[in-house]
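Open the model in a viewer and keep the sequence panel beside it. The stops below each give a selection and then say what is found there.

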Amino acid sequence: MLWNYATPGIPDDLFERLPGIPLSKREVRLLILSALRLQKDSVLWDIGAGTGTIPIESGLLCPNAQIIAVERDDEVANLIRHNCNRFGVTNVKVLEGSAPECLEDLKPKPHRVCIEGGRPIKSILEEVWQHLQPEGRVVATAGNLETLYAISESLSQLQARNIEVVQSAINRLETRGIHQTFAAVSPIFILSGEKL
């Protein structure tokens with residue numbers, strides 16, 4: 001097994017990747033998982049699942065949870081399945097489809113939703129909110145100001161409660177030539193809110 005630990009934080013290089021497909025960096029992943037506040041039997045939808053890092057970490061943390069990874073590209077969806085197999089994660093179902101359209105008949109309804117990508121973000125949030133169970137949580141990431149503003153405005157319009165916004169500021173020690181230097185991990189905003 002690739003990850004024999006009870007705690008999250010799988011190193012990025014253990015995941016198989018495809019060129020141009022984003023991967024949530026390990027330290028950012030830890031912040032996202034913390035914001036999700038998963039329970040052992042949660043239903044989690046991960047929209048724009050990319051490489052599958054969040055579904056895999058969630059599946060390992062909560063083996064009784066039901067996780068649905070939504071990805072529009074079939075090659076990327078197959079990458080998620082491949083990474084799940086590599087880590088022995090069996091509670092992740094991969095749905096190939098474009099959000100928000102593919103969410104309409106999706107079951108079971110989620111307790112938690114992670115939105116790591118997708119356009120239009122406002123439409124995705126509105127659709128997710130219709131399906132989110134009472135006391136459910138949404139966690140969304142933004143890598144630019146426009147997405148940050150759109151998510152923030154949507155959470156306000158949806159009357160989300162207990163909204164939190166965190167910006168990661170992470171540096172990693174790297175060797176470059178004969179020197180060791182700190183390199184910044186691209187900052188990401190992590191927004192979360194609850195449906196009461």
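Begin with helix α1 of this predicted model, residues 26–36. Colour E27, V28, R29, I32, L33, A35 and L36, the buried residues of α1. They pack against β1, α2, β4, β5 (137–142), β7 (170–176) and β9 (189–194). Step past the end of the helix to R37, where phi is positive, near 50°.

Next select helix α2, residues 53–61. Is α2 largely enclosed or largely open? Seven of its nine residues are buried, so the rest of the structure largely encloses α2. Those buried residues are T53, I54, P55, I56, E57, S58 and G59. Show the elements they pack against: α1, β1 (43–47), β2 (66–71), α3 (74–87), β3 (92–96) and β4 (112–115).

Keep both helices on screen and show the side chains of E57 and R29. The two form a salt bridge, with the closest N and O atoms 3.0 Å apart. This pair links distant parts of the chain, since E57 is in helix α2 and R29 is in helix α1, 28 residues apart. E57 has a relative accessibility of 2% and counts as buried; R29 is buried too, with a relative accessible area of 0%.

R26 counts as partly exposed at 29% relative accessibility, whereas E27 is among the buried residues of α1.

Now select D12 and R172. Their salt bridge has its closest N and O atoms 2.8 Å apart. D12 is buried, with a relative accessible area of 13%, while R172 is partly exposed at 23%. Display D12, R26, E27, R29, E57 and R172 together: a network of salt bridges links them. How many aromatic pairs does a search of the whole structure find? There are two. Select W3 and Y5 for one of them: the ring centres are 4.7 Å apart and the planes lie at 70°, so this pair is edge-to-face. W3 is buried, with a relative accessible area of 13%, but Y5 is exposed at 55%. Then select F15 and F87, an aromatic pair that is tilted, with 5.0 Å from centre to centre and 40° between the planes. F15 lies in the segment before α1 and F87 in helix α3, so the pair ties together parts 72 residues apart in sequence. Both of these phenylalanines, F15 and F87, are buried.

The last stop is the largest pocket. Centre the view on P22, G48, E116, G117 and G118, which lie nearest its centre among the 36 residues that line it. The pocket holds about 1000 Å³ of space. To see where the lining comes from, colour α1, β2, α4 (121–131), β5 and α5 (145–157), each of which supplies at least two residues. Colour the lining by residue class to finish: 15 residues are nonpolar, 14 are polar and seven are charged.

Conventions
Residues numbered from 1 in each chain as written. Predicted model: local features only at pLDDT ≥ 70, side-chain atom pairs only at ≥ 80, totals over all residues. Heavy atoms only, no water. Buried < 20%, exposed > 50% of the residue type's maximum accessible area, 1.4 Å probe, protein only. Helix = DSSP H or I, 4+ residues; strand = E, 2+ residues; numbered from the N terminus. Contact = heavy atoms within 4.5 Å. Phe/Tyr/Trp six-rings, centres within 6.5 Å; stacked < 30°, edge-to-face > 60°. 1 Å grid on protein atoms, 1.4 Å probe; cavity = no way out; pocket = protein on both sides within 12 Å on 5 of 7 lines; lining within 4 Å. Points joined across faces, edges and corners; volume = space filled by probe spheres on them. Nonpolar A, V, L, I, M, F, W, Y, C, P; charged D, E, K, R; others polar. Salt bridge = Lys/Arg side-chain N within 4 Å of Asp/Glu carboxyl O.
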